[in-house]
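Hi everyone, thanks for coming.

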Amino acid sequence: MSEPLPNQSLDHDLEEHWAACHDCDLLLPIHDITENRVARCPRCNAVLYRHKKDSMNRTLAFSIAALLFYIPANTLPILSLDILGNTGRNTMLNGVLQLWQQGSWWMAFLVAACSVAMPLLELGLLAGITGHIQSQRYSHWLPKMIKWQHRTSGWAMLEVYLLGIIVAIVKMSELGDLVLGQALVCFVVLLVFTLCALQSFDRHEAWHRCMVLRQRAIAKAIACQ
Amino acid sequence: MQFQRALTQGLTACDECHHVVRLTEVSPTQSQRCSRCFSVIHARKPKSISRTWAWVLTGLILLFPANMLPVMTVVYLGNGSPDTIMSGVIHLAEEGMYPIALLVFIASVFVPIVKLVGLITLLVVVQCKLPLSAKQCTYLYRMIEFIGRWSMLDLFMISILVTLVDLGAVASITAGAGATAFASVVVATIFAANTFDPRLIWDLRAPVYDH
Ligand SMILES: [Zn+2]
Ligand SMILES: [Zn+2]
């Protein structure tokens, strides 16, 4: 069976019928995409669309839950080490400050961005996007937030930080008394909720809902005039 | 079923939101914008090959100071013992902590090299039109995108160690110049992967695909 190819007269609903693979540029009719839970490109196997159940609700719940643990995870000690009666404490923030004071400002900036700032931005954007959509409100920030969520999604690296903690524990365990702080629990909870929020977020659905809200807002604005 | 390339139909997916838009002729002073997310539309990522080469070469050059200069120095009673990435791995292995030593080796040595070699391979495939499997090249690209972030492991570990061992004149740990270079390698390779456009690999192949 051969599909009819899109022509210019069909452009007004182009996006409802066609998708282009972002990895190999294959043009695909979209009914193949919405029928399955996961739609893959037949040529390069890229995931074009993954349907997620109750996505907006779950993402909102997980991102708010994660935000509650964000401040304790960042400010309370994750590890503390006792050597000769002196205690060194690590919190996510003082690690950055210490690097800055030592003059490694570029490294301090990068660690701060990937472990402190980007996770907060990520959670804020997810909560903002899903909050807007769930409350049926449109603002010009909504498409910007979805766009920025896509742009910044690779830079939050909490799971790599967890691996860093594990390596630090192994390295330092012979030097003195290593105590795992309360914030380690907060950090793990923050990490799990952040990953759950990201996993349950369906960007495709977010864009769709955003466009519905935008059209409604435009119709309302015209009606008011 | 027969499929075509989107570009042959004058269509493309928006870089930012993957929305399908029709490419229109616009004047050189203004650019076309996506109707959904308002980003500038490009049929392919602009100057993808030269930008990726620039980031790859930056990463490649910085790989030398990153591996030769000390990433951290343990100062104990005034005596400093600097550690490079490799000597840190060797210390861990000497103390019998093989799994952790292997983990640090993969994240800090293996991953950056694999990323750079992989990206150079992809660039050469596109520029010299090498007949390698486009599907496997795309898998290589996805792997490069996925593994890049794990190189930050060493930097996070150093940021933890500098606060744990902070005993003033008795003992302290400071981050070295190697860590700054290594941080730049990680950023350069992540940018290199982001500026590369995998669609260029497929542009060399037949424009029609039968499934
Ligand atoms: Zn594809
Ligand atoms: Zn767009």
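Let's start with the secondary structure of chain B, which comes to seven helices and seven strands. Keep in mind as we go that this is a predicted model. If you read along the sequence of chain B, the pattern is β-β-β-α-β-β-α-α-α-α-β-α-α-β.

Strand E4 of chain B, residues 72–76, runs antiparallel to strand E5 of chain B, residues 79–83, and five bridges join them. Within this pairing, B:Val74 stands opposite B:Ser81. E4(B) and E5(B) make a hairpin with two residues between them. In the turn, have a look at B:Leu77, which has a positive phi of about 50°.

Now for overall dimensions. The C-alpha atoms of chain B fill a box of roughly 70 × 35 × 25 Å along the principal axes. Its radius of gyration is 22 Å, whereas a compact globule of 211 residues would have one near 17 Å.

Chain A has nine helices and seven strands. For this chain, the C-alpha box along the principal axes is roughly 80 × 50 × 35 Å.

How many residues of chain B are in contact with chain A? There are 69 of them, and they touch 72 residues of chain A. The area buried between the two chains is about 6,600 Å², with carbon and sulfur atoms giving 68% of that. On the chain B side, B:Arg149, B:Phe156 and B:Leu164 supply 11% of the area that this chain buries against chain A, more than any other three residues.

Between chain B and chain A, 22 residue pairs are in polar contact, counting pairs with both residues at pLDDT 80 or more. Helix H5 of chain B, residues 153–164, gives the most to the side that touches chain A, with 11 residues. By type, the residues on that side of chain B divide into 43 nonpolar, 14 polar and 12 charged.

On to the charges. Side chains of opposite charge can pair when their charged atoms come close. Over all chains, the whole structure has nine salt bridges, and four salt bridges are found across the interface of chain B and chain A. One of these links B:Arg142 with A:Asp23, the closest N and O atoms being 2.9 Å apart. In another salt bridge, between B:Arg44 and A:Asp25, the closest N and O atoms are 2.7 Å apart. Why does this pair join two chains? B:Arg44 lies in the loop between strand E3 (20–22) and helix H1 (48–68) of chain B, and A:Asp25 lies in the loop between strand E1 (18–20) and E2 of chain A, so the pair joins two chains.

Strand E2 of chain A, residues 26–29, pairs with strand E1 of chain B, residues 2–5, in the antiparallel sense over two bridges. If you want to find this spot on the screen, look for A:Leu27, whose bridge partner in E1(B) is B:Gln4.

That's my tour; happy to take questions.

Technical notes
Residues are numbered from 1 along each chain as its sequence is written. Chains are lettered from A and ligands numbered from 1 in the order in which they are written. Side-chain values use heavy atoms; hydrogens and water are left out. Contact means heavy atoms within 4.5 Å. Buried area is the accessible area (1.4 Å probe) that two parts lose on being put together, summed over both. A salt bridge is a side-chain nitrogen of Lys or Arg within 4 Å of a carboxyl oxygen of Asp or Glu. A polar contact is a pair of N or O atoms within 3.5 Å; within protein, one must be able to donate a hydrogen and the other to accept it, and residues adjacent in sequence count only if both atoms are side-chain atoms. Helices (H or I, at least four residues) and strands (E, at least two) are DSSP runs, numbered from the N terminus. Ala, Val, Leu, Ile, Met, Phe, Trp, Tyr, Cys and Pro count as nonpolar, Asp, Glu, Lys and Arg as charged, and the others, Gly among them, as polar. Two strands pair if DSSP finds at least two bridges between them. The radius of gyration is taken over C-alpha atoms; the globule rule is 2.2 Å times the number of residues to the power 0.38.
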